[in-house]
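Hi,

Here is the structure I promised to pass on. Have a look at the sequence and the model first, and my notes follow below.

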Amino acid sequence: MSEQAYKGNQPSHAGDVATPKRTKEIIAKYGFSFKKSLGQNFLIDQNILNKIVAAAQLDASKAALEIGPGIGALTQRLAASAATVTAVEIDNRLIPILNDIFADNDHVSIVHGDVLKLDLQNLFKEKFSPDQKVSVVANLPYYVTTPILMKLLEERLPLEHIVVMIQKEVADRMAASPGGKEYGSLSVAVQYYCKPELVCIVPHSVFIPQPNVDSAVIKLTLRDKPAVDVPNEEHYFKVVQACFAQRRKTLANNLTAFVGKEKREELLTLLAELEIDPTRRGETLSLEEFARISRSFLERGW
Ligand code: SAM
């Protein structure tokens, strides 16, 4: 994107969308009604937006992909910081509103679609140049937070950061270290691809309508290569799942269920060789220890 195309400091059509007054005006003007089933909780606080946008480290050379722009509270701020903004919104009632609000912002592109069904590789080809740094910045619909994030990560999209508002409980699980009750297969999956960082905890009062769960902003910085070296990712994640299958059970028991009862003795010997105590629980294992197990299982065809 050339410098000329950067329209970052142009005011958008609507003034600040993310204020209680302006949000209520827009909703009233278009006769919009919130759909709980789509996780529609709109941001009405500039402070939180400042924190989200600062964490995303955007500049005039970078692009932003937003998922679920709503009426554009965050979109507007991204438009002021990035070279281009592509915003994917599932609710067709919001498309004309967004098109109106961003009518004068050529560098903002509104895409109508379900992000979970969209061909994101294609979207990237269409919207971003190959050498452009792209970050996902979003206040995610809470009912599909994990599927959306896993899709972004598993598709290996060329992303720099993912900065998202999500349920606090999910953010805690993503950022958890081994040893605590929050650490599980989601922590391993996210940390395999990214370095997580909790940006801030967000009170209910910054949304219309207010959600009934606590929220947090999390920043995921994509790693150049995965945190651990494994020959077969699918197998690695199967082993991780198996270790957490029954959280109260020991590794010996969870992994016996994975390899088969008849191989229990062989399994115990192998864990001893790997210097992993079979009485430990999955929640104490590091990403590297899961990798060690996966590698040696593969060598045995398990
Ligand atoms: N970004 C706005 C804000 O911060 O005020 C709205 C955030 S609201 C929590 C989530 C938005 O995601 C809603 O606009 C909703 O319609 C949209 N959404 C829900 N499911 C979606 C999906 N599968 N694909 C794309 N957008 C979706």
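Let me start with helix α6, residues 145-154: 7 of its 10 residues are buried, so the helix is largely enclosed by the rest of the structure. By "buried" I mean under 20% relative accessible area, with exposed being over 50% and partly exposed in between (1.4 Å probe, protein chains only). Helices here are DSSP runs of H or I with at least four residues, strands are runs of E with at least two, and both are numbered from the N terminus. The buried set in α6 consists of T145, I148, L149, M150, K151, L152 and L153. As a reminder, an α-helix has 3.6 residues a turn, so residues three or four places apart point the same way.

Before going further, the ground rules. This is a predicted model, where local features need pLDDT of at least 70 and side-chain atom pairs count only at pLDDT 80 or more, while totals for chains, interfaces and linings use all residues. Residues are numbered from 1 along each chain as its sequence is written, and side-chain values use heavy atoms, with hydrogens and water left out.

Just after α6 comes R156, with a positive phi of about 55 degrees. R156 sits in the loop between α6 and β6 (159-167). Its relative accessible area is 42%, so R156 is partly exposed.

Now the whole chain. The protein chain has 12 helices and 9 strands, and 53% of its 302 residues count as buried. Its C-alpha atoms fill a box of roughly 70 × 40 × 30 Å along the principal axes.

Where does the ligand sit? The space it takes is the largest pocket. A pocket here is found on a 1 Å grid over the protein atoms alone, as an open set of points with protein on both sides within 12 Å along at least five of seven lines. A molecule sits in one if more than half of its atoms lie within 2 Å of the grid points. Two elements give two or more residues to the shell around the ligand, namely β1 (42-43) and β3 (84-89).

In total, 23 residues surround the ligand, and the closest are L43, G68, E89, D114 and N139. To be counted as near, a residue needs a heavy atom within 4 Å. The shell divides into 12 nonpolar, 7 polar and 4 charged residues.

- A polar side-chain atom of N139 is 2.9 Å from a ligand oxygen.
- A polar backbone atom of G70 lies 3.3 Å from an oxygen atom of the ligand.
- A polar backbone atom of P69 lies 3.4 Å from a nitrogen atom of the ligand.

The ligand taken alone exposes 600 Å², and the protein buries 99% of that. Those areas come from the Shrake-Rupley method with a 1.4 Å probe.

Strand β4 (residues 108-112) holds S109. S109 counts as buried because its relative accessibility is 19%. Its side chain makes a polar contact with the side chain of K127 at 2.9 Å; such a contact is a pair of N or O atoms within 3.5 Å, and within protein one must be able to donate a hydrogen and the other to accept it, with sequence neighbours counting only if both atoms are side-chain atoms.

- The peptide bond from I208 to P209 is cis, with omega near -20 degrees, and P209 is in the loop between β8 (207-208) and β9 (215-222).
- Q57 is not a glycine, yet has a positive phi of about 50 degrees. Q57 is in the loop between α2 (46-56) and β2 (63-67).
- E275, also not a glycine, has a positive phi of about 60 degrees. At 68% relative accessibility E275 counts as exposed.

Cheers

Terms used
On a 1 Å grid over the protein atoms alone, a cavity is a set of points where a 1.4 Å probe fits but cannot get out, and a pocket is an open set with protein on both sides within 12 Å along at least five of seven lines; lining residues have an atom within 4 Å of a point. Ala, Val, Leu, Ile, Met, Phe, Trp, Tyr, Cys and Pro count as nonpolar, Asp, Glu, Lys and Arg as charged, and the others, Gly among them, as polar.
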